[in-house]
Amino acid sequence: MENEIFYAKGLLENSGITLLDAARIAKNILDAFPKGSSISPIQFCSKIVETGKQHIRSVEMPLAAGFALYLEAKRDLRPDSIRDIRYLGNRLIKSNPKLAERNFSEFSAADCEEWLSKTFITHSQFKRSANEISPQAKDPKGTTAHKVSACQFNKARTMLHGLFEFALRREWCGRNPVKLVERKKVVEKEISPLSLAQIKTLLKTANAPKHKECLPALGLLMFAGVRPREARRLTWGDIDLAENSITIRSVCSKTGGVRHVEICPNLRRILAAEIRPPADKKICPKNWQSKWREIRQKSGFKGTWVQDVLRH
């Protein structure tokens with residue numbers, strides 16, 4: 001016993017804590033020791049101390065500051081992916097700046113779910129989403145508006161999950177609360193394809209001198225089922241008229257895989273009419289997004305365009 005006291009005093013030397021202080025701290029911890037526990041009292045004390053250490057390490061990083069570091073760490077991703085992460089993160093931060101200043105370690109699953117819901121599923125968003133889609137895609141219960149909001153919720157949840165995993169690896173928190181947040185169910189609704197008259201109107205608008213440079217990209221969307229983001233990444237080197245095929249490379253593909261798309265006669269006429277540009281030139285012209293929006297609006301689709309409708 002005397003030896004134990006001697007060694008205990010040696011361990012506490014210059015710590016500013018007396019042997020009696022240490023005993024009191026140990027007793028306070030053991031007051032919470034559950035009856036019938038499978039671990040020993042000293043193991044329980046060690047667990048409490050380790051938990052306290054993790055808490056001290058994790059309380060020093062607010063979510064907003066951590067998000068800036070997370071975004072910087074993702075700089076090697078595709079520009080579209082970085083833009084999505086920046087948009088979703090900034091929207092969360094803007095919707096509740098006080099919550100964004102909370103430390104990672106202070107978030108619960110309930111906090112994350114409420115934050116996501118209030119930011120990405122709101123009555124005003126239901127109304128706005130419903131106004132931005134075609135009447136043919138709506139229903140009386142607002143199913144399509146709900147689908148838009150649920151998709152955004154799920155995308156934001158995925159981003160927030162990645163952010164907390166980033167924080168977890170840096171010991172800013174002890175767990176990822178987003179794992180306990182369930183994804184929203186997306187109610188799929190059949191999308192009606194455009195009519196022949198609508199297709200002709202789009203082609204006529206794009207064939208006008210002002211928009212002629214956009215016609216090849218529109219052809220890919222309309223006749224090859226290429227996704228909008230894929231089309232923005234494609235170059236003329238991916239078009240092989242001799243083999244009558246389009247190569248969607250892994251860097252262009254949504255899923256990361258390579259696929260080949262056959263060029264149908266209508267698309268071939270559009271692509272063959274172009275003076276062959278350099279292989280590394282993008283098929284979509286500069287400022288494609290704004291030009292494509294103008295084509296849709298001039299074709300009568302202002303505020304009524306359905307995402308990916310050309311793939312149907």
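Predicted model: local features only at pLDDT ≥ 70, side-chain atom pairs only at ≥ 80, totals over all residues.
1. The side chain of glutamate 213 forms a salt bridge with that of lysine 291, at 2.5 Å from N to O. Because lysine 291 belongs to helix H14 while glutamate 213 sits in the loop between H10 and helix H11 (215-223), the pair ties together parts that lie 78 residues apart in sequence. Lysine 291 is likewise partly exposed, with a relative accessible area of 22%; the limit for buried is under 20%.

2. A further salt bridge joins the side chains of glutamate 165 and lysine 179, with an N to O distance of 3.9 Å. Glutamate 165 lies in helix H9 (residues 143-169) and lysine 179 in the loop between H9 and helix H10 (196-206), so that the pair, 14 residues apart, links distant parts of the chain. Lysine 179 is exposed, its relative accessible area being 53%.

3. Glutamate 230 and arginine 227 also meet through their side chains in a salt bridge, at 3.0 Å from N to O. Is glutamate 230 buried or exposed? With a relative accessible area of 1%, glutamate 230 is buried.

4. The structure holds 15 salt bridges. Salt bridges also link Asp80, Arg83, Arg232 and Arg233 in a network. In general, side chains of opposite charge can pair when their charged atoms come close.

5. The model contains an open sheet of three strands in the order S1-S2-S3, paired in antiparallel fashion. Strand S1 (239-240) and strand S3 (259-262) are at the edges; each has a single partner strand, and therefore one side of each is left without a neighbour in the sheet. Strand S2 (residues 245-248) runs antiparallel to S3 and is joined to S3 by four bridges. Threonine 247 has histidine 260, in S3, as its bridge partner.

6. Valine 309 is located in the segment after helix H14 (288-298). The residue is buried, with a relative accessible area of 2%. Which residues does valine 309 touch, not counting residues up to four places away in sequence? On that basis, the contacts of valine 309 are Ile191, Ser192 and Leu194. Valine 309 and leucine 221 are separated by 88 residues in sequence, and their C-alpha atoms are 9.3 Å apart in space.

Methods. Residues numbered from 1 in each chain as written. Heavy atoms only, no water. Helix = DSSP H or I, 4+ residues; strand = E, 2+ residues; numbered from the N terminus. Buried < 20%, exposed > 50% of the residue type's maximum accessible area, 1.4 Å probe, protein only. Contact = heavy atoms within 4.5 Å. Pairing = 2+ DSSP bridges. Salt bridge = Lys/Arg side-chain N within 4 Å of Asp/Glu carboxyl O.
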